[in-house]
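Here are a few friendly notes to read alongside the structure. Take them in order, with the model open beside you.

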2 protein chains.
Amino acid sequence: MVNGRTPSVKDVARSAGVSLGTVSNVMNRPEVVSPTTRERVERAMVELGFVRNESARQLRAGTSRTLAYVMLDGSNPFFHDVSQGIELAAEEADLSLFICNSNGRSEREEVLLDRLMQQRVQGILITPVNPDAPHLAEISRRGIPVVIVDRVGAGGLFCSVAVDDVLGGRIAVEHLAEQGHTRVAVVGGPESIGQVRERVEGARQIWAELGLPPEDLTYLPTAGLTVAEGRSAGERLAGIPARRRPTAAFCANDLLALGLLQQSIGAGLRVPEELAIVGFDDIEFAAAAAVPLTSVRQPRQELGRAAAQLVLDEATNPDHVHQQPLFVPELVARASTVVRSRSY
Amino acid sequence: MVNGRTPSVKDVARSAGVSLGTVSNVMNRPEVVSPTTRERVERAMVELGFVRNESARQLRAGTSRTLAYVMLDGSNPFFHDVSQGIELAAEEADLSLFICNSNGRSEREEVLLDRLMQQRVQGILITPVNPDAPHLAEISRRGIPVVIVDRVGAGGLFCSVAVDDVLGGRIAVEHLAEQGHTRVAVVGGPESIGQVRERVEGARQIWAELGLPPEDLTYLPTAGLTVAEGRSAGERLAGIPARRRPTAAFCANDLLALGLLQQSIGAGLRVPEELAIVGFDDIEFAAAAAVPLTSVRQPRQELGRAAAQLVLDEATNPDHVHQQPLFVPELVARASTVVRSRSY
DNA sequence: CACGCCGTATGAAACATTTCAAACATCCTG
DNA sequence: CAGGATGTTTGAAATGTTTCATACGGCGTG
């Protein structure tokens with residue numbers, strides 16, 4: 001440490017008067033080395049300020065101690081809650097977690113994945129731009145465990161952990177119907193996002209099953225799942241003549257719902273009396289909105305934790321078989337749909 | 001790739017009929033190798049599915065291609081915006097970014113830092129639990145650049161990038177005073193957090209300078225900077241007899257402000273008529289609240305970007321000198337303080 | 001033709017660790 | 001006291017790159 005260079009095992013060995021192998025043993029199998037030498041080595045380590053070089057360890061061992069999570073959208077708190085769950089599981093397994101963010105851009109995603117392969121991470125968790133993209137399969141074929149988070153990969157090629165989005169759409173709209181709404185808007189997009197497609201699909205299914213006329217379920221497409229898009233949807237909604245205007249809206253995620261909520265209140269609409277709103281994800285800010293938001297809860301941390309466990313199983317268990325557990329979403333009713341409820 | 005093992009440079013060399021060194025040259029200094037052999041090597045690489053082993057590279061080169069950011073609180077969107085700025089700068093410099101989260105726990109922070117040292121990261125950006133903690137100085141002494149983000153390190157030991165929190169507190173309260181408020185609450189805590197101390201300090205300063213009586217500036221301490229704490233502060237605020245109750249509140253961050261806003265509206269208070277609220281940070285959700293939140297804006301992405309540039313300079317420029325640039329915060333007035341303004 | 005030069009290609013050394021067979025020491029057993 | 005058994009330590013090999021001094025081959029110059 002003194003002469004510039006960070007000390008290596010060799011320096012520690014010399015300083016403690018033992019061989020290389022012994023120092024390594026102190027770190028990796030302390031039980032085989034005698035207490036006295038162990039203590040001597042340990043003292044030398046702190047004295048020199050030794051820090052193990054993980055690259056060298058990894059090179060020799062052939063395996064890293066890192067997982068990676070590639071988020072789809074860093075500006076959506078939902079994904080951070082998921083990553084929190086992953087990190088908890090990683091911490092338990094004594095692994096580091098690399099968090100990256102593709103920001104929905106496919107080419108960025110590819111760059112990140114390439115880097116992660118170069119780092120020889122132990123496993124990759126990803127909410128992909130497109131779960132069917134060939135580069136994902138390619139990574140998996142190379143023997144690096146890949147787990148799809150919040151989507152179901154096609155063809156059982158990977159493990160995945162997701163919530164039943166169709167069911168989520170169903171319970172959201174069913175809830176609105178129960179509250180007596182007969183004209184409902186479904187807000188979300190773009191349809192290239194699988195989650196959006198399925199949530200909308202669920203809404204349509206239950207609507208039909210309840211025997212309500214399809215033309216009373218208005219689809220308001222958006223260009224993304226952001227607060228700003230929610231506001232813009234609100235403006236379009238307000239433009240519909242009052243007689244035909246939906247009295248409730250189901251938004252494909254909470255960001256949209258928050259935007260819609262804000263725009264509607266700003267425009268003088270009373271929520272939920274004149275417009276009821278349901279979101280999706282149940283992010284923390286949903287409950288904290290001025291009119292607390294009814295939302296379809298996904299078990300966010302649990303999703304992350306389960307995904308991490310699957311990736312670890314695939315990495316360590318030779319008898320691993322791919323699984324695609326589907327979590328069941330749950331409606332959390334709050335003031336944005338229920339008149340004068342004190343819930344939450 | 002076929003026989004299990006991932007191919008190495010050696011395999012590529014054999015397959016292309018050249019030496020190890022040549023393959024390395026193709027990757028690192030393509031200009032010195034003739035076009036024909038280069039092409040041959042490149043074909044062999046894709047054929048075998050070669051992926052460079054970053055650990056080996058790093059071991060030999062002695063330096064990694066990664067930066068790390070240790071966040072203070074993963075549940076606060078503010079820090080994600082900062083990390084977004086860092087990532088942009090890292091991407092430009094062709095570096096990977098490791099994002100971790102200490103969650104405000106000092107011992108977790110130490111574990112993370114230790115791991116990062118083992119990985120031999122090129123530089124560490126951190127919003128520390130305590131900027132004076134000895135382990136930070138220790139890392140820096142070892143030659144790893146450390147940049148403090150959103151705090152100023154003591155004694156000029158490190159580079160740091162921060163916003164003038166005292167000034168931020170001043171402009172927030174000055175704004176409230178300009179709106180005619182003469183009884184103001186200051187909400188925030190714990191005081192162990194430097195940002196909180198300084199923002200409160202700024203509020204007190206300007207209050208005194210304006211010649212207002214100190215007893216009319218009520219300090220409402222909180223146990224953390226969360227939405228829930230904001231709600232709880234709101235309850236305490238409501239408990240104050242109306243004659244003496246503050247008509248405005250300055251919250252040490254936006255999460256508190258959102259909680260306070262929600263609680264107050266829920267309790268039937270009109271915002272801003274009966275209670276004006278200013279937050280701090282100007283996170284995206286501040287503008288998206290049902291009553292858009294006035295807030296003291298920090299240039300979040302810019303903060304991250306500047307920090308990344310400093311760490312890179314320290315890592316590469318031998319003439320580097322530590323700098324502590326202070327950014328100037330800016331008040332963004334919205335509906336939560338300004339009656340019937342259409343601003344934002 | 002000898003010489004030096006230039007553009008390419010080579011192969012060994014180095015990086016910091018882990019692993020593993022072998023050496024060594026110590027003690028016990030018969 | 002020979003022969004194991006047990007417990008500890010050793011030293012060399014191996015991991016996949018990059019670097020660097022060296023070698024090679026062809027070409028132009030004197």
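1. Let's begin with a sheet in chain B: six strands form an open sheet in the order 7-6-8-9-10-12, with mixed pairing. Strands here are DSSP runs of E, at least two residues long, and helices are runs of H or I of at least four, numbered from the N terminus; two strands pair if DSSP finds at least two bridges between them. At the edges of this sheet lie strand 7 (217–221) and strand 12 (330–332) of chain B, each pairing on one side only. On average, neighbouring strands of the sheet are turned by 20° against each other, direction ignored.

2. A word on conventions: this is a predicted model, in which local features need pLDDT of at least 70 and side-chain atom pairs count only at pLDDT 80 or more, while totals for chains, interfaces and linings use all residues. Residues are numbered from 1 along each chain as its sequence is written, chains are lettered from A and ligands numbered from 1 in the order in which they are written, and side-chain values use heavy atoms, leaving out hydrogens and water.

3. Back in the sheet, strand 8 (residues 248–251) and strand 9 (residues 276–281) of chain B pair in the parallel sense over three bridges. Here B:Phe250 stands opposite B:Val278 of strand 9.

4. B:Phe250 also turns up in the largest nonpolar core, which has 145 residues. Such a core is a set of buried Ala, Val, Leu, Ile, Met, Phe, Trp, Tyr and Cys residues joined through side-chain atoms within 4.5 Å, where buried means under 20% relative accessible area (1.4 Å probe, protein chains only). Among the residues with the most contacts inside this core are A:Tyr69, A:Leu125 and B:Phe250. A second, separate core of 36 residues includes A:Phe98, A:Ile126, B:Val51 and B:Ile148.

5. Now for helices in chain A. Helix 2 (residues 20–28) and helix 3 (residues 35–48) of chain A pack at an angle of about 90°, with their axes 10 Å apart; axes are lines fitted to C-alpha atoms over the stretch in contact, and angles run from 0 to 180 degrees between N-to-C directions. That makes helix 2 of chain A roughly perpendicular (65 to 115 degrees) to helix 3 of chain A. A:Val23, A:Val26 and A:Met27 of helix 2 meet A:Arg38, A:Val41, A:Glu42 and A:Met45 of helix 3, contact meaning heavy atoms within 4.5 Å.

Conventions
Angles under 35 degrees count as roughly parallel, over 145 as roughly antiparallel, 65 to 115 as roughly perpendicular and the rest as oblique. Buried means under 20% relative accessible area, exposed over 50%, partly exposed in between (1.4 Å probe, protein chains only).
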